[in-house]
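Subject: Structure for your review

Dear colleague,

Please find the structure below, followed by an account of what was found in it.

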Amino acid sequence: MKRVAVLQSNYIPWKGYFDIIHDVDEFIFYDEVQFTKNDWRNRNQILTPQGKIWLSVPVGSNEKRLILDVDIKDSKWQQKHFQTFEMAYHKAPFWKKYESFFRYVYMERTWNYLYELNRFLIKHISTDFLHICTKFSDSRDYSTHGVKHEKLLSLVQASGADIYVSGPAAKDYIIVEDYEKAGIELMWKDYAGYPEYPQRGEAFTHQVSILDLLFNVGENAPNYIWGWRECQ
């Protein structure tokens with residue numbers, strides 16, 4: 001039984017994003033859809049001694065373009081983001097473990113397109129730091145048809161999925177009956193129950209980038225994303 005998930009690439013996503021990746025056999029990046037401003041595509045939150053702050057990749061607010069077409073016009077923001085990570089986490093137990101990777105991403109590379117940056121970070125965090133073995137692919141690798149719900153369903157079908165794992169937000173537009181007719185089991189991801197981990201802020205929060213978990217618990221990160229379920 002092949003499990004598939006389809007999501008847009010997000011900027012240094014929270015742990016739930018990686019939980020879905022771990023759940024499936026194939027994770028399909030679906031960036032040939034409209035870019036939305038003030039969304040997770042180009043921004044996320046980290047935790048600092050002063051509380052949560054937003055970090056955004058400057059890409060403008062034009063929504064009349066696909067995520068694939070969102071370009072990054074300058075690299076000045078990269079040093080700022082890295083220095084913000086360093087300020088927030090240099091005293092965290094595992095800052096040194098991951099510092100060289102993020103220094104490379106932000107201080108030694110130049111990114112022309114948002115989706116390239118997002119996918120690079122997601123893939124490397126998944127495979128190198130969380131040891132996830134899921135296959136990554138691009139929606140453009142498959143022949144699809146239609147728009148919106150129909151196009152997504154045709155993509156899931158083309159991938160050969162028996163089970164489609166979706167985030168709960170998709171309940172607003174997915175037509176469950178169409179998946180049933182196609183013989184595809186639809187599973188809704190449940191983000192409830194994540195255990196707290198040692199965090200440097202005064203009040204614990206789950207709603208931050210995966211970076212917070214990595215810098216605080218290192219190799220134990222998977223235990224706080226999916227490993228805890230195995231102990232229930």
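In a crossing of which hand does H3 pass H4? H3 passes H4 in a right-handed crossing; a crossing is right-handed if the near helix is turned clockwise from the far one by less than a right angle, and left-handed if anticlockwise. Helices (H or I, at least four residues) and strands (E, at least two) are DSSP runs, numbered from the N terminus.

Two notes on the source come before the rest. This is a predicted model, in which local features need pLDDT of at least 70 and side-chain atom pairs count only at pLDDT 80 or more, while totals for chains, interfaces and linings use all residues. Residues are numbered from 1 along each chain as its sequence is written, and side-chain values use heavy atoms, with hydrogens and water left out.

Helix packing

The axes of H3 (residues 95–108) and H4 (residues 114–129) come within 12 Å and cross at roughly 165°. Axes are lines fitted to C-alpha atoms, for helices over the stretch in contact, and angles run from 0 to 180 degrees between N-to-C directions. H3 and H4 are therefore roughly antiparallel to each other; angles over 145 degrees count as roughly antiparallel, under 35 as roughly parallel, 65 to 115 as roughly perpendicular and the rest as oblique. In H3, the residues that meet H4 include Phe101, Phe102 and Val105, and their counterparts in H4 include Leu117, Phe120 and Leu121. Contact means heavy atoms within 4.5 Å. By class, the contact of H3 with H4 has 11 nonpolar residues, one polar and no charged. Here Ala, Val, Leu, Ile, Met, Phe, Trp, Tyr, Cys and Pro count as nonpolar, Asp, Glu, Lys and Arg as charged, and the others, Gly among them, as polar.

H3 also packs with H2 (76–89). The axes of H2 and H3 come within 9 Å and cross at roughly 170°, and the two helices are therefore roughly antiparallel. Among the residues that make this contact are Trp77, Phe82 and Glu86 of H2, and Trp95, Glu99 and Arg103 of H3. The contact of H2 with H3 has nine nonpolar, three polar and three charged residues.

With H7 (residues 210–217), H3 packs at an angle of about 135°, the axes being 8 Å apart. That makes H3 oblique to H7. Trp95, Tyr98 and Phe102 of H3 make the contact with Leu211, Leu214 and Phe215 of H7, and these divide into six nonpolar, no polar and no charged residues.

The largest pocket holds about 930 Å³ of space. Of its 31 lining residues, Leu7, Gln8, Arg41, Ala169 and Tyr173 are the closest to its centre. On a 1 Å grid over the protein atoms alone, a pocket is an open set of points where a 1.4 Å probe fits, with protein on both sides within 12 Å along at least five of seven lines; lining residues have an atom within 4 Å of a point. Grid points are joined across faces, edges and corners, and a volume is the space filled by probe spheres set on the points. H5 (148–158) gives the most to this lining, with four residues.

The second largest pocket has about 220 Å³ of space. H2 gives the most to its lining, with three residues.

Yours sincerely,
A colleague
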